[in-house]
Amino acid sequence: MFLHEIPPLLIYITVGLVIGVESLGVPLPGEIMLVSASLLASRQELDISPVWIGISASTGAIIGDTIGYFIGRRVGKPLFERLGRRFPKHFSPGHVALAERIFLRWGVYAVFFGRFIALLRIFAGPLAGALKMPYYKFLAANITGGIVWAT
C-alpha cells in the first residue's frame, strides 16, 4: 500500500495548507481534505496522529481566515466584484449579497458558524474584513470556530 510511503509531516502540512488557502477565500475542498486525513489517521498501521490532523487543520483555518480578513480589510468590496467576474459560481453578486446580509445580521456568530457552511467558509475572513468587523471580535470567533470545526 503506497500510503505507508507518505511521511506524516507531509500530510499535516498538506491539510493545513489546503484548509488555509480555502479559508483565505479560494474555493478548495478543505472539508474533504480534513475528512480524508482523519480517515487515514484512523488506520492503525499508519503513523498519522488524529491530534496533529486537528492541530494542522485548526492552524490552517485560523491563519487562512486571518489573512483573508486583512485582505478584505485592505481591498474591500471591489475584491468581491473582481472575484465575481472570475468565479461567478462562487462569488456571484447574489452569493456576496447573501453572505453580506448574514454577516451584518449575525456578526461574530456568522464567522463562527460560517466555518460549518461551505459558502460562508470561503467568505468569512475576507467579508469580515471588508465589512470592517473589529479585529478582536473576528479573531475570537475565528479561533473558536476553527478549533471546533477541525475537531
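1. Start at Val111. Leaving out residues up to four places away in sequence, Val111 touches Phe103, Ala128, Met133, Phe138, Ala141 and Asn142. Contact here means heavy atoms within 4.5 Å.

2. A word on the source. This is a predicted model, in which local features need pLDDT of at least 70 and side-chain atom pairs count only at pLDDT 80 or more, while totals for chains, interfaces and linings use all residues. Residues are numbered from 1 along each chain as its sequence is written, and side-chain values use heavy atoms, with hydrogens and water left out.

3. Val111 belongs to the largest nonpolar core, which has 19 residues. Such a core is a set of buried Ala, Val, Leu, Ile, Met, Phe, Trp, Tyr and Cys residues joined through side-chain atoms within 4.5 Å. Buried means under 20% relative accessible area, exposed over 50%, and partly exposed in between (1.4 Å probe, protein chains only). Phe80, Phe103, Val111, Phe123 and Ala128 touch the most other members. Two or more residues come from each of helix H6 (93–106), helix H7 (108–114), helix H8 (118–130) and helix H9 (135–150). H8 gives the most, 7 residues. Helices (H or I, at least four residues) and strands (E, at least two) are DSSP runs, numbered from the N terminus.

4. Now the packing of H6 on H8. Their angle is about 70 degrees, with the axes 10 Å apart. Axes are lines fitted to C-alpha atoms, for helices over the stretch in contact, and angles run from 0 to 180 degrees between N-to-C directions. H6 is therefore roughly perpendicular to H8, a label for angles of 65 to 115 degrees. H6 contributes His95, Val96, Ala99, Glu100, Ile102 and Phe103 to the contact, and H8 contributes Leu119, Leu120, Phe123, Ala124, Leu127 and Ala128. By class, that contact has 10 nonpolar, 1 polar and 1 charged residues.

5. Lys132 has a positive phi of about 60 degrees, although it is not a glycine. Lys132 is partly exposed, with a relative accessible area of 45%.

6. Which helix holds Tyr12? Tyr12 is in helix H1 (residues 8–24). Tyr12 is buried, at 13% relative accessible area. Setting aside neighbours within four places in sequence, Tyr12 is in contact with Asp47, Ile48, Ser49, Trp52, Ile53 and Ser56. Tyr12 and Phe80 are 68 residues apart in sequence and 31 Å apart in space, C-alpha to C-alpha.

Notes. Parallel < 35°, antiparallel > 145°, perpendicular 65-115°, else oblique. Nonpolar A, V, L, I, M, F, W, Y, C, P; charged D, E, K, R; others polar.
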